[in-house]
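Subject: A structure for you to explore

Hi there,

Here is the structure I promised to pass on to you. Have a look at it first, and then read my notes below.

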Amino acid sequence: MSLVCEQVQTIIEAVCGLDARAKDIATQFGIHAKLGWQIWNVAHSSPLNAYKFLPNRHGLQVWRQAAVARGVPLDLFDRLDELSVSIQAVVQKHAGDEELFEMLLDSQGIEDQEEAEIKWRRQGFLGNSFNFGARARVSLSSIILYPVEEGREFSMVRMHGLYDLVRTRSGVRWPFSSLVIEHGNGESTSPGREPLEKSDHEVPLLTDFCSQPLPATQRVIEGTTVRDELLPATVGLTGAATILIGEIVHRVGPTSGFEEGEVAHFGAGIRTPCEVYIADHIVHKSIFPDAKRELCLYSELISQTARGDSDQLEVAEKLTHLGMGLHRIRTVDVPEYHSILHRAFRRIGFDPNDFHVYRIRLRYPPIPTSAMVKFDLPSGP
């Protein structure tokens with residue numbers, strides 16, 4: 001592809017000279033602005049990225065006719081045609097069609113990697129919305145970790161919500177929240193839990209922040225796993241629902257590891273097709289103070305608790321440290337988010353200014369996955 005880029009540059013220079021802009025190419029060759037933009041990108045992109053901008057056969061023919069009319073030698077385009085044929089042979093050998101070949105190129109870590117990932121992830125979002133029968137504008141999954149037992153253990157406020165969930169199929173029950181606490185030895189536990197707010201509902205709804213009338217829900221307990229589900233509702237926007245739950249999980253675990261080299265994972269499974277996933281890891285300054293945190297996205301195709309390197313998916317997004325306190329935590333993605341968190345802090349009696357805030361934000365996250373904040377645990381005394 002590098003030879004194609006060089007040949008395109010040669011043809012451009014024959015009419016426009018050096019340093020021509022996309023607008024100059026379109027004007028001086030007398031071609032459509034979009035075609036000029038494509039040609040400019042072929043000349044100025046990396047070889048792998050340039051392929052995505054290469055005009056089709058018709059576009060190249062239009063450019064040839066315009067160039068020849070301006071005195072460009074035909075042999076320059078003959079050479080470009082030969083190179084284009086060679087490129088198509090490569091496409092057929094390695095992919096068989098243009099779409100798969102473009103996917104292979106995008107997977108190679110080219111520039112604008114985040115843009116490429118989001119393009120393909122959006123296609124997955126649309127397909128999964130149809131296949132599974134539901135989609136949400138925003139999925140929220142945030143936790144607040146605070147010390148108990150004189151700092152030897154920690155408890156957790158857990159908030160999980162779906163905003164503007166729309167069913168695309170009738171009769172779909174939608175599991176929107178589940179909790180599993182697993183220790184380093186693989187043992188799952190079921191610590192004490194209580195709703196963040198008093199409620200007559202089995203599911204710990206934060207009713208002020210849910211759509212009205214309240215969507216029908218059900219809590220299912222299977223061993224040490226607790227799952228909350230939305231019951232079937234009307235298809236389309238007339239049945240759209242926003243739901244938010246909040247609960248306190250007591251004495252989740254110790255603030256240090258039992259052995260050297262233990263690793264902590266805090267996060268949630270992403271199993272709802274959504275446009276945006278937001279997760280805040282809000283932790284008291286006394287808990288894991290020296291931890292070097294990172295975002296890890298794990299595939300759940302093998303297991304919902306898979307945490308190995310081979311399960312990790314590469315994403316361009318990173319974990320963001322928003323600082324301490326709630327002054328920078330507002331987001332247009334979640335209405336009244338600031339109020340939700342202040343209510344949680346009043347309930348547990350802690351000053352939010354003593355808490356670090358780390359944010360995960362993913363557009364069109366793949367499913368099923370787990371978005372985790374990972375760090376090494378300090379060893380115990």
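Helices (H or I, at least four residues) and strands (E, at least two) are DSSP runs, numbered from the N terminus. This is a predicted model, in which local features need pLDDT of at least 70 and side-chain atom pairs count only at pLDDT 80 or more, while totals for chains, interfaces and linings use all residues. Residues are numbered from 1 along each chain as its sequence is written, and side-chain values use heavy atoms, with hydrogens and water left out.

S107 sits in the loop between α7 and α8. S107 is partly exposed because its relative accessibility is 47% (buried means under 20% relative accessible area, exposed over 50%, partly exposed in between, with a 1.4 Å probe and protein chains only). Although S107 and E314 are 207 residues apart along the chain, their C-alpha atoms are separated by 9.9 Å.

Which residues of helix α7 are buried? In this helix, residues 98-106, they are F101, L105 and D106. These residues lie on the same side of α7, because they cover an arc of only 140 degrees around the axis (the arc is that of the directions from the helix axis to the C-beta atoms). An α-helix has 3.6 residues a turn, so residues three or four places apart point the same way. The cover over the buried residues of α7 includes α4 (47-50), α6 (74-94) and α8 (113-132); contact here means heavy atoms within 4.5 Å.

Helix α1 (residues 2-16) packs against helix α2 (residues 22-29) at an angle of about 65 degrees, and their axes are 10 Å apart. Axes are lines fitted to C-alpha atoms, for helices over the stretch in contact, and angles run from 0 to 180 degrees between N-to-C directions. I11, I12, V15 and C16 of α1 meet D24, I25, Q28 and F29 of α2. The loop between α1 and α2 holds D19, which has a positive phi of about 60 degrees although it is not a glycine. D19 is exposed because its relative accessibility is 75%.

Now for a residue in a strand: is E247 buried or exposed? E247 belongs to strand β9 (residues 241-254), and it is buried because its relative accessible area is 2%. Its side chain makes a polar contact of 2.6 Å with the side chain of R158, and another of 2.6 Å with that of R193. A polar contact is a pair of N or O atoms within 3.5 Å; within protein, one must be able to donate a hydrogen and the other to accept it, and residues adjacent in sequence count only if both atoms are side-chain atoms.

The loop between β11 (274-284) and β12 (294-299) is worth a visit too, starting with K285. Leaving out residues up to four places away in sequence, K285 touches M324, D354 and H356. F288 is in the loop between β11 and β12 as well, and its phi is near 50 degrees, a positive value in a residue other than glycine.

Enjoy exploring!
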